[in-house]
Each structure stands twice: as C-alpha cells, then as structure tokens.
Amino acid sequence: MIIAERKPMAEIRQMIAPYKKLLLAGCATCVAVCWAGGEKEVGILASQLRLAQSKGRKKISVLEATVERQCEKEMVEELRDKVQEADAVLSLACGSGIQTMAEMFEDKPVFPAVNTTFIGMPEREGLWVEMCGACGDCFLDRTGGICPVVRCAKGLLNGPCGGTRKGGKCEIDPEKDCAWVLIYRRLEKQDRLDLMRQYYTPKNFRAVKRPGRIQSVKA
Amino acid sequence: MNKCIVAFCCEHSAYPAADLAGKLRLHYPESLRIIRVPCAGRVDVIHILKAFENGAVAVLVLGCEDGACHHITGNTRAKERVEYCNMLLKEIEADGSPVAMFNLSPNEPHKFVRAVNEITKRIKEPGR
Amino acid sequence: MKNKVGVFFCDCGGAINNIDFDAAVKKVAKFPGVTCVNLSSNLCLEEGEEKMLSCIKEENINRVVVAACSPDFKEHFFRQVLESAGLNGHLFSMANIREQGSWAHDGDITVKAVELIKMAVNRARLLQPVKKKKFPVNKDVLVVGGGFAAINAALQLSRVGLRTTLLEGEAVLGSETAELGGLCGFDIGSMVSEVEGDENIEILTSAEVRATAGKIGDFTVRIRKGGEEISHKYGAVVLATGYQTKLALESELKSDINIVSQEKLCRMLEDPNLEIRPRTIGFMFDFSDENSRLSTLATLNNALAARQKWDSEIYVFCKSVKVDSPRAEKLYREARDCGVVFLKCEARPRITADNGRVKIEAKDVFLGEDTILACDLLVAEELLLPSEGTEALSSLLNIRRDSRGFYQDENVHLYPVASEKKGIFFVGGCRGDLDLSRVLTDVPSVVASVYELLSSGNILAEVERVKADPQKCVACLTCIRVCPHDAIQLVRTDNSKEVAGISDLACDACGVCAAICPAKAIIFQGYRDEEILAQIETIGES
C-alpha cells in the first residue's frame, strides 16, 4: 500500500499560519494502516494544534473529518459542508487524496500534512519498507519477485555491482541487503539461476508517461 | 485551567497500589484524578493529549514492572506512547506539561506516591 | 433515549468522614442524566442492598453509580445487585471516594469527591450491556511429553474424569526420566504401567505435533505418527516436555572417564561391578547458572552418597549453596557433618587434565588463597536447558518463552503454570529449574484449572466484550499481530468480507488491540474511547 509520513511540525505550522479555521481531513485506507493519516492521526494532530495555540498564539479552531478513501470524489463530497466552514484544509491523505480534495474544493487552499513516500509493506509492526517504484514496466518475473529498481541502491538491472560488502550488504548503504544477492538466492531456491546469465537492456522509463492514464475495459 | 494531574492506573498494579496508599493514609496532592484502565497498554496518545487539552497540568501513566505485565507487552507499549507524546509536546513547545510513565507493583503504595510527587515537581509554570 | 443514572452514596459506616455528604448529594442531583441520589451508611449490607434494589425499580434507573469504596473491593458485588434488579451488570460505574479520596487526603475533600462522581456518572451514561453465554467446549486434554510430570498430569486428569492424550516423541514413555529414578525416589516403571492401564488415557508414542489451530475449548492439533497425520480436537493443552542437561565445560576439555555428569555418577554409585572407586572427587555447580535447584540437590545427594558409600574425599566448589528446596538444608548439614568440604569461590575454577587426574584451581573466599585440588573424578557443572523441540513447539502454539528458552516462567504476575494464551498450561522441567516438590504441586494446580474450565462441557464467558466493528475494520492485521493472548484471527463476515474476529473465550480484555487499531474499529465495552474521554473531559469542568 501507499506509505506516507507526517511532515515535520515546523513545516505544517508554516503552511497553516495565516488561517484561523482549519479542517483536518484524514483517510481511512493506506495512510490509516501505516499510522500516518487515519482518524487517529487526525485526532492527534488536531489536539497538538489546539494545545499549541493555547500557549499565547493566535486562536485557531480545528475541525476533524475522515473519509473512507480520499481519492474518491463521491466520498470526498461528504466533506463539503465542513470544508465550507473552514478557511483552509490540511489533508493527511496521500498525494492522490490531497489533490482530489484540492480539485473538489477549488476555492479553498488544501495543504499536505504528510509526505507520500513509497509503495511498501510492513516488514514488522510499525516498520514500513519500500517494495515497488511504480515504474510501469514490471519485470519481477525475471528477478524471483525482488525488485532491483527500488531495492538496489543503484537500480541495476544486471547486478550485482561488484561492491557488495561482506554478509551480502550494499556498498552504498551497509544497513541494506544487496538486492542482487537476495535475487540470486531466491532464483537458486527456484532452480532458475540461468536467468542471472541473461542480459537485459536498459529500462524504458518512458513506458510510463507522466502523469499516467489508464483506461480499463468497461464492465 | 483545571490544574489537575491525570493518572492512568492499570488495574493490576497502580490502581491497587493507589488503594493501598489510601488504606495506609499516605497522602498525595488532592489534584490527582485517577482513571482506571485494564492495562497501561489501553492508554492511547489521544487520551494523554486530550487530558492536556482539558487543562491538566501533568499526566501520569502507571503500569506493571518490566517483565511483569499481566498482558506481556502492555507496559512497554505504554512507555513508547508516552515517549512519543513527549516528542509531540516538544514539537509544539508544550513540554512544560510533563507526561511520564512509572512502573510499580500492586503492593508498592510508596512508589505510587513518589510518582505523583515526582511528576508534580516537573510541572513548569507557564512562561518559564 | 437518554439514560437514567442512579447515584448511591455510602459513607462506609462512618469510615468516610471528611466529605460533606449533604452538599455533595445536592450537587450530584443536578448533574445531567442523574435521576436519583441516595445516601446510605452500609450499602454493601442487606439493608443497603434492598434500598438499592427498590430504588432502581421505582425510579426506572438503567445506569448505576456507587460512590464509596474501591471497585477492586466491591465492584463484583454491586454488579450482582444490578443483575438481581434486572439490569446488566456492566451498566455500573464506581467512584472511589474512600481509598482514593477520603483516605488519601487531609481536610475536606468534598470538591474532589463530587468531581470523581461526575466522572463516573458521565462514563455510566455511555455504558452498554454485555451479555454472558455458555460456550460449549471440548473436554479432551492433550498432554505433550512422556516423563514424570507428563505422566503425573495424565493420571490426575484421568482421575477427575477428563480424557487425556499423552503424546511422547520417543518410542517409550518415561525413557528420559528413568535415569533419575534412583535420585528422586519414584518408580517410573510403575507409573508407566498405571498410565498404560488407564482407559481414559490414550498414549501416542513416536509422535509429534505438526500444527495447531484454534482457541481454548477448541484446539485442533495435527499429530504425526508413523508417517501418518491425524487431526484431533482438544479443550486444553498441557506441555510437559521437560529439560535436558549439558555439561558446562571449557572447549578443550572433554567429558571422559574422569569428568562426568551427575547422572553418570549415580550409575557409578549403583554399579556393583565398579572396578576402581575414586578416592578424591570434586563437584562443581552454581557458576554458569545461579538458579539451579536441581544441581544443588543432585550435588548434595550425590556428594553424601559418594562419601557414605566409597568414603572418598569430597570437595564441592560453588559460589553459594542455595537451600530453598525441601530437604536441601538438611542434606547440606548432613553432608558437612559427614566431612564433605565446601569451597566458596567467587570465580569459576580452572579445570585442567593432569596425568589421568583432573586438576581444579580455585580461590576460596574464606581462605583467601588459591587452592589446587587434584582429583580422580570431577562431577562437572551442568546447564539446565529446555528440551529439544521446545522452541519449535512454542512457535507452533504461538506462545512465548523466557530468556533462557523455557516456557515463560519469569512473569510472576501470571499464574505460573499458565501461558499467556488461555487453555495452554505448562508443568514440570519445561518451566525451568524445578525440584520435584514443585512439580508435585504444579501438577494438581494445572489439573484443577483444566477441570474448572472443561469439566462441565461449557465455559461461561462474556459475549463481544471486545469486538472489531466489521464496518470499520480494514483487516490491516495489526491487532492480530499484537494481541498478547493470541485471541484474534481473520474471520469472514456474512457478506464475505475478511475482518478481525476476537475470540470471546480467549480474550483477556486488556485493550491493547483497542489502543493500537489504526481505524479505531475495536469496541471495548467499558473502556471505549468515548468512555475514557468522558472521564477526562469531566475533570476541571467545575
């Protein structure tokens, strides 16, 4: 799922400084699961902003609302009344959600309270790791299901680079496992090491035009 | 400003310790308000922040000793949340309102009273 | 429909004497939601109870607050009073104005008392009923192990009428404990015969646990025996997998003819054909593992036996002799009276092989000098370790082990023979260092617990005290991973959505899941966010 992380408080406060009435909008999907922007985090940030203002700063009022998925227009529509009440919206959703809000309520400034960082999964409780770079040209079939675009520091397609450290660690970041060592071991388990000897041409990053647009077949 | 100290007390350790303090007539500040929870691990960040929003001057979270939590990891989770809370309060320069976690056993009423007195000392006057 | 709260004050027969009750009653009567207020001197006695019952019925009260002593003391009692008045016992909140009010402060505390009551009232207004139900359970018990503790447990379980399966990995029951028979004074052979003759006990040898699923009352265990796998259902599981010993020797030394284990020494003592009696024997214990009762007992027993039987010179090297087991102190005195020499050392002695003998170099604390002993036989220090397979089994059952790898016995706040997962118990050496007397008391403890749980064929438990709201749950798996009692799993709702399902039997109502749920989907009756926040928001209102 999409992993996001709350922005530093100083940055948030700078964004909202000119405003008196704020709506904090959360999303109950990806950002809730990675503990960055769900109903709970909305509550915590709102509480912080209220506590901050009681220390002699300008009075602001803080509204809270969370929708199921902030990237769906119908769901965001439910927030219309609350948005009208506010001077500005601070969204804790991922970039997709924030922009949907901004588009639905064009007359209100919509600010990001989180940084959308990557597509990932929980390695263990509370630890989110990046798995996929959304490059639009997946070749996990050839790498035993491990993505070197994201998990190799150099993004090599024909790795390893030869600088792998002892214990299979990355030359650039010794805390990381060398992705190509992982790939080798995985392919070895599946008896598909012949793939290591195949040479792959450079990736076509134009395979994905930015911004991406996909038309699914209508059911 | 309600000037109260809110103490979340777990029913396996701190709550009976507080009762015992009363039985032994050990006195502590009247401004203490105890909220009973089944485990310190039930206490969430928002509960602590709301206590401050409502005017509390300090918040205590009291649970079982390390390794003695009836629910295994409840007290460690509470400790992490308290530390996170301290960070959140520091971010908005509200760290004069202390929140702290103490661990004790149900038969340690003096430890309970010490915890209350300790957190009282850490309360900073507004403006300092 | 707003709830109607009845508040009942009690001055505990005058024990609460620094509250102005009249003023308090007047203030409380004005709280929103409060329909009636009563003052009594003895609410928990018959007279007070009757007054409460009639007040509840007459005033149509549906939420009750008692302002008196600690809920730890009387909550259970008052819940029952509610039930007899036709109200669910959970619609009750208590304001602790005695232990945590009147007795904890000097002077008049009416203001605090009134606030504590208001906190309780605001919480009570939100409380929801929680029903109880009888859950049918499987009455069969699985005992994993085949040694002294396992056999004892199986026999006692059978005696109370519970059918038991005794599951042993070896081909024969009692094979591991047979060697200790001489030391501990029990006849494993006759115990095995008794088990074999017991109709209530099914014996599976050369068998192992391959997988487990389910919760207390309904465990499904897949057992592998003789190349085949079969699934059985059990209401409870008792682990009695024992321990193993390992000589704690420096790597250069090898266990050989003159460096032996306690067990080997036992056999030597019993061997009528023993060629050469060792004239000087050194014992070592208490250096690597300072908590070993078994080593202490074995050393004392064997030192005494060797002295008496062979008249050897015996020297015991240790840090201290801990005599907290039954018989240990007596044995120690006997050994010393007999001429066994104990040397108290702070550091571990150095052992070297020396011309067919063993050289022990140590510094005795009292002599303050280095001592060198050349002995014919060294009974080396032994480490007590969990038996092989303990780690694997704990993974299968998803239960914790302590820092030494034994099934968790360090958390003294837990009932020592129970795991954090309801329905799973431990007994015997797999719990760590236990002397026999402890095993003998642990077994009936476990049997009593299992009997209490399973004998009636059902367990009365609260229904949905803690529940994941299927509308809000997104199956992020956080609660499942985090539940300390392994009480949550993924279940399918009626419309096929996968959500977290909390087992009513296995849940221990701690609230750890409710706190961590990112979607705030877990409803923990009595400790929901609204119920906690209602108390917080009441503080300082006046």
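This is a predicted model: local features need pLDDT of at least 70, side-chain atom pairs count only at pLDDT 80 or more; totals for chains, interfaces and linings use all residues.

The surroundings of B:Leu62 can be listed in detail. With its neighbours within four places in sequence left aside, B:Leu62 is in contact with B:Ala7, B:Phe8, B:Cys9, B:Cys10, B:Ser13, B:Ala14, B:Ala40, B:Phe102, B:Leu104 and B:Ala115.

## Helix 2 of chain B

Helix 2 (residues 45-53) of chain B is largely enclosed by the rest of the structure, because eight of its nine residues are buried. The buried residues are B:Val45, B:Ile46, B:His47, B:Ile48, B:Leu49, B:Lys50, B:Ala51 and B:Phe52. An α-helix has 3.6 residues a turn, so residues three or four places apart point the same way.

After helix 2 of chain B comes B:Gly55, which has a positive phi near 105°.

## Contact between chains B and C

Where chain B meets chain C, 40 residues of chain B are in contact with 34 residues of chain C. On the chain B side, at least two residues each are supplied by helix 1 (14-23), strand 2 (32-37), helix 2 and helix 3. Helix 1 of chain B gives the largest share of that side, seven residues.

## Strand 4 of chain C

Five of the five residues of strand 4 (residues 92-96) of chain C are buried, so this strand is largely enclosed by the rest of the structure. In a regular strand the side chains alternate between the two faces of the sheet. Here both faces are covered: C:Phe92, C:Met94 and C:Asn96 are buried on one side, and C:Ser93 and C:Ala95 are buried on the other.

Strand 4 of chain C pairs with strand 3 (residues 63-68) of chain C in the parallel sense, over five bridges. Within this chain, C:Val66 has C:Met94 of strand 4 as its bridge partner.

## Overall form of chain A

Chain A contains eight helices and seven strands. Its radius of gyration is 22 Å, well over the 17 Å that the globule rule gives for 219 residues, so chain A is more spread out than a compact globule. The C-alpha trace of chain A spans about 65 × 45 × 25 Å along its principal axes.

Of the 219 residues in chain A, 32% are buried. Among contacts in chain A with a separation of 6 or more, 54% come from residues 24 or more positions apart.

## Domains of chains A and C

For chain A, the domain assignment gives domain 1 (2-118) and domain 2 (133-203). The centres of these domains of chain A, taken over C-alpha atoms, are separated by 38 Å.

For chain C, the assignment gives domain 1 (5-130), domain 2 (141-242 + 387-458), domain 3 (249-382) and domain 4 (464-524). Between the centres of domain 1 of chain C and domain 4 of chain C, taken over C-alpha atoms, the separation is 33 Å.

Terms used
Residues are numbered from 1 along each chain as its sequence is written. Chains are lettered from A and ligands numbered from 1 in the order in which they are written. Domain bounds come from an automatic or database domain assignment. A residue is buried if 20 or more other C-beta atoms lie within 10 Å of its own, exposed if 12 or fewer, and partly exposed in between; C-beta atoms are placed from the backbone. Helices (H or I, at least four residues) and strands (E, at least two) are DSSP runs, numbered from the N terminus. Two strands pair if DSSP finds at least two bridges between them. Two residues are in contact if their C-beta atoms, placed from the backbone, lie within 7 Å. The radius of gyration is taken over C-alpha atoms; the globule rule is 2.2 Å times the number of residues to the power 0.38.
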